[in-house]
Each structure stands twice: as structure tokens, then as C-alpha cells.
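Biologist: I would like a close look at a single part of this protein. Please pick one place, go through its surroundings, and keep the account connected.

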Amino acid sequence: MTKKRLWLTVALSALIAPAMVHAQGEPEYGIKFGGFVKFDAFNDSRAVVAARDDMFLLYPAARSQITAAPDAITDATARDLYIFSNKEDLNAYGQTGMTAVQSRLSGKITGPDAFGAKVSGLIELDFFGSANYNANMTRLRHAWINLDWGKVAFRAGQDWHPLFLQGGVFPGTLQFNPLAPIHPFGRAPQIAFTFKPVEGLRLSLYALEQSYHADADVQSTLITGQPSGKALRNAKRPELAVQGDYTISGFTVGGTYDNKIIVPLNATNPVIATDCDGVATTTCTNTRTGNNNAEVRTQIYSAYMQFKTGDLKIKASTTWGDNWFALLGVGGYAMKESVLEANLAALGVPAADIAGYQQTTKRQFSQTKSHAYWAEVSYGKDLEFGIVGGRTINKGAADEVRTTVVTGRNAMDLKEVITIAPRVKLTSGKTMIGFEYIYSAAKYKENDKNYMATLNYATTGTYAIPASVDTLNVGSLTINNDSVISKKGEIGKTYTVVNHRIQFSVQQNF
């Protein structure tokens, strides 16, 4: 019996050994999991404009003032005294927060060669959610497949928007937000072709659509009220971009051009009483009809550079262009309206003719323009010191617009944002501990109640807070008050609010 078992073992070994040798000779394919757990704690000095329980910081919130008196104060003079003598900013309060939603799980995929190319892929999730209401829920960050032939590569899936990635030239902040709204930020479903004709030179072409980083759409949004990619899909062509950079001896210089068309309204014949600005209303002056082809055409340009030597890195970038909303920038688009169109009745045009004009003239939109720039210096490896600073400026719209019919992010009331953020990070093995101080200042359109009441008194003789001082009545005409905001949305007089954030982070990679 012992001899039979011995011979059986030898026979099985003879059969299995070749297969084992073959299997060991094969390259390993599959998915390799990784990621990190990250904890963030922060303290702010005032209310902020931010996402996910204010963890993703954009800029300080605008001033909020008391504009009404308690019902218990019945005397008119006493009510006015209470309102106009109270200088309190209701948003001048601080907060503290803690979160782990930036934690991440990724799977790097490898596969056998296909079509003569090396095959790789990535799928990555975090717990950031797609909106504040579903924070802590999983969200798809990246999901792509890449075919690499050496000098040519093809990638399809969801990846970073090229205006963010810029060949790796983006701010290395400790906080989750890499300096938006100053530096464009977003991911997008895309097809990308990359060419490397000579060493150091990279040229890439992109065709992109939108997922949760999408344009503001005045009519077609998700059921949660978040922007959707519908406006871009309505255009029947993807967003297009081209990017190129050259690297030599640690120095990189490059640029990006991005071109996009969106169709915000796809209603063939909007109802006059309910579709002036995308929401129900009882009055709608200067309504435009037949909006199935009303387009917003945008172009964005960027230039960037990086220098690396040893543990020293220097980065800088500038971006300018239109309608940055989908990239977490300031701005959007507004309804076109000339001074003449705003004053048809005052100029004696019969009401019937005005109604006919409004009902037969298609609504058109004009995009707002922005310019931003930033620079960063960092040094160190296990112990890293860094500082980044930048500025974005709202340049107003390309055409005369009605500044009250606008879609976007603070497109007609925020003129400028400045952010400066020094940091220190200590890394040991796969564990990082870091501190960051974030100074953020925002210049908003002046809306002080006493300032507005003074202007109202000068024009009407009544010291009261008007709904807006964006326009002035000159005789029977209505014109924009350029000292506040021009007909093109260029903001004049401003006030500044500042937030100071201190952030502490711990990250464990695996």
C-alpha cells in the first residue's frame, strides 16, 4: 500500500509540475486594492461657502444684516433706530467640524496586452457623496481603462478634468479642496488620446461629458436640485479640450484650451408667465420664447509651469475664460438684455408691440468671465513645508445682461477671492499628520443697509432699504448703477469678509 501511494504521488507530481511551472511563468493580472483612511478636523472664524458639512471650503460667506425689527417694537421711529443702528453681521460666527468622508478605496487593474498595447485601469471610490444630503455615502471618483502603445495612449472612462490635472501641476493643499474657485476642479467622463512624439513632450486631446461636476441648468436638474449634465447633452456635442506640455531637467511648461457649448433651456415654446428665469413667477418682463437652441458658448485657457529639484517644488498656473461653474469656479451665465430692451415702455413703445416682441424673440444668454492665478512652493519629503496663494477675479459678462436673471455661483455679487494657505506635513511610513492654516478673503458687491437706504433716499426721498440698488431711475428710464454693478455685471463698490481656518489631518495609507 505504501508503494502504491508513493507511485501515485510521483505520477500526480509529474502531471501538476508542468502546469505549476507554466502558471508561475505567467504575468499576474487582476486588481490590487489600496487607498487611505483620512481624518480632518477644522475650525473656522466665520460662516463659509463650502460643501459636505463645510469641510470642502470655497470662500467666506457674504455679510448678513438685520433688516427688520421685532414685532414687539411698534413705534416706527424706534423700529428704524433698531434696524439702522444695528451693525451686526449675522454670518460673523465660527464653527468646528470633524469628518472622515475623504477616505478612499481604489483598485488598480492590470490585464494582458490588447491590440499590441499595455492595458491598465483604475476604479476608485470615496465617501464624499454627490451632495450635502448624501455625505458619507460612496461616490465614484475614477473609473477608466488605458491602452498604452508607448508613444500613443488611449483612455476612456471617468477621470480628472484636464484643466485641473495639468500634467500634475495642481496645488498640494492639505485640505480636500485644491484651491477652488481659484484653480479649476472636477472630474468628467471622457475619451482621451495622448501623444508623446519625443522625450519630454506630451500632447493630449479630450472629448468630455459631465457627471456630478456639471453646469448650472435653469430647467433640467436632478430630483435633488443639483446641477446635471443635461445642458451639455442638449448641445449634441461633447466638451472638447487640447493640452500640451514639455518637461526638461525638472522644468515643465504647458497650457490647455477648453471649448464647450451648453443649451440651458430645451423647452420649445416656454410659457410666458412661468418661464422667465426658470422658476414660476406671476410677472415676466422681456420673456424670450423658442429656447430650444439658446446656447452658451464658453472658452477657457490655462498656462502652467513646474520646477522640481531634489525636495524643492515650485508650481504656478493662470486660468482665464468663461462660465467656470462646472469646475467649482465663480460665475455662470445671465440673460442678455440691452438698455434699450429694458426701457421699451419708457421710450413710448406700445404695450402690444412690446408683448409681441417679447413673445417672438428668442431668449439668449451671455457667459460671465473670470481670471485666476496661483503659485506654490514646497520643500521636504518626510517633513514637508509648503505654502500656496492665489486670486480669482470676476470680470462680468461678455454682453449687456439683466443682472437679476442669472444662473451660476455668485456670478453677480462676488468680485474677488484671495486664498493663502501655509502647511506642514510629517510622514512616517504610510502615516501622515499635517496642519494647515487657510486665509480666505472675499470681496462682495456692496449691500450695506445704510448705504442702500441712503441711495434710495437720494432717488425717492424715503430712507428705507430697497430690494436692490443695482439700477437707478433717471426720469422714466431705468439704467444700471455702475458704482454698484454695470449692465455687463462688472461689480463696482465692494466690501471684504475674511475667514481664518485651521485644519488638522491624519492619513493612513494602505
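This is a predicted model: local features need pLDDT of at least 70, side-chain atom pairs count only at pLDDT 80 or more; totals for chains, interfaces and linings use all residues.

Modeller: Leaving aside neighbours within four places in sequence, Phe 185 is in contact with Phe 56, Trp 160, Phe 164, Pro 178, Ala 180, His 213, Ala 326, Leu 327 and Leu 328. Phe 185 and Phe 56 are both listed, with Met 55, Tyr 59, Leu 414, Ala 442 and Tyr 444, as the residues that touch the most other members of the largest nonpolar core, which has 21 residues. Strands β3 (56-60), β19 (414-428), β20 (431-445) and β23 each supply at least two residues of this core. The most comes from β3, with three residues. Apart from this core lies another, of 15 residues, including Leu 163, Ile 300, Leu 327 and Ala 372.

Strand β23 spans residues 494-509 and also holds Gln 507. Gln 507 is buried because its relative accessible area, 14%, is under the 20% cut-off. Its side chain makes a polar contact of 2.9 Å with the side chain of Asn 509. Beyond four places in sequence, Gln 507 is in contact with Phe 36, Val 37, Lys 38, Lys 430, Thr 431 and Met 432.

Of these, Val 37 is found in strand β1 and, at 48% relative accessibility, counts as partly exposed. Val 37 also belongs to a nonpolar surface patch of about 770 Å², whose other members include Ile 31, Phe 33, Leu 105 and Phe 510. Strands β1 (30-44), β5 (104-114) and β6 (117-126) each supply at least two residues of that patch, and β1 gives the most, with three.

How values were computed. Residues are numbered from 1 along each chain as its sequence is written. Side-chain values use heavy atoms; hydrogens and water are left out. Helices (H or I, at least four residues) and strands (E, at least two) are DSSP runs, numbered from the N terminus. Buried means under 20% relative accessible area, exposed over 50%, partly exposed in between (1.4 Å probe, protein chains only). A polar contact is a pair of N or O atoms within 3.5 Å; within protein, one must be able to donate a hydrogen and the other to accept it, and residues adjacent in sequence count only if both atoms are side-chain atoms. Contact means heavy atoms within 4.5 Å. Patches are made of residues with over 30% relative accessible area and no salt bridge: like charges are joined within 9 Å, nonpolar side chains (Val, Leu, Ile, Met, Phe, Trp, Tyr) within 5 Å. Accessible areas come from the Shrake-Rupley method with a 1.4 Å probe; for residues, only the protein chains shown count as cover. A salt bridge is a side-chain nitrogen of Lys or Arg within 4 Å of a carboxyl oxygen of Asp or Glu. A nonpolar core is a set of buried Ala, Val, Leu, Ile, Met, Phe, Trp, Tyr and Cys residues joined through side-chain atoms within 4.5 Å.
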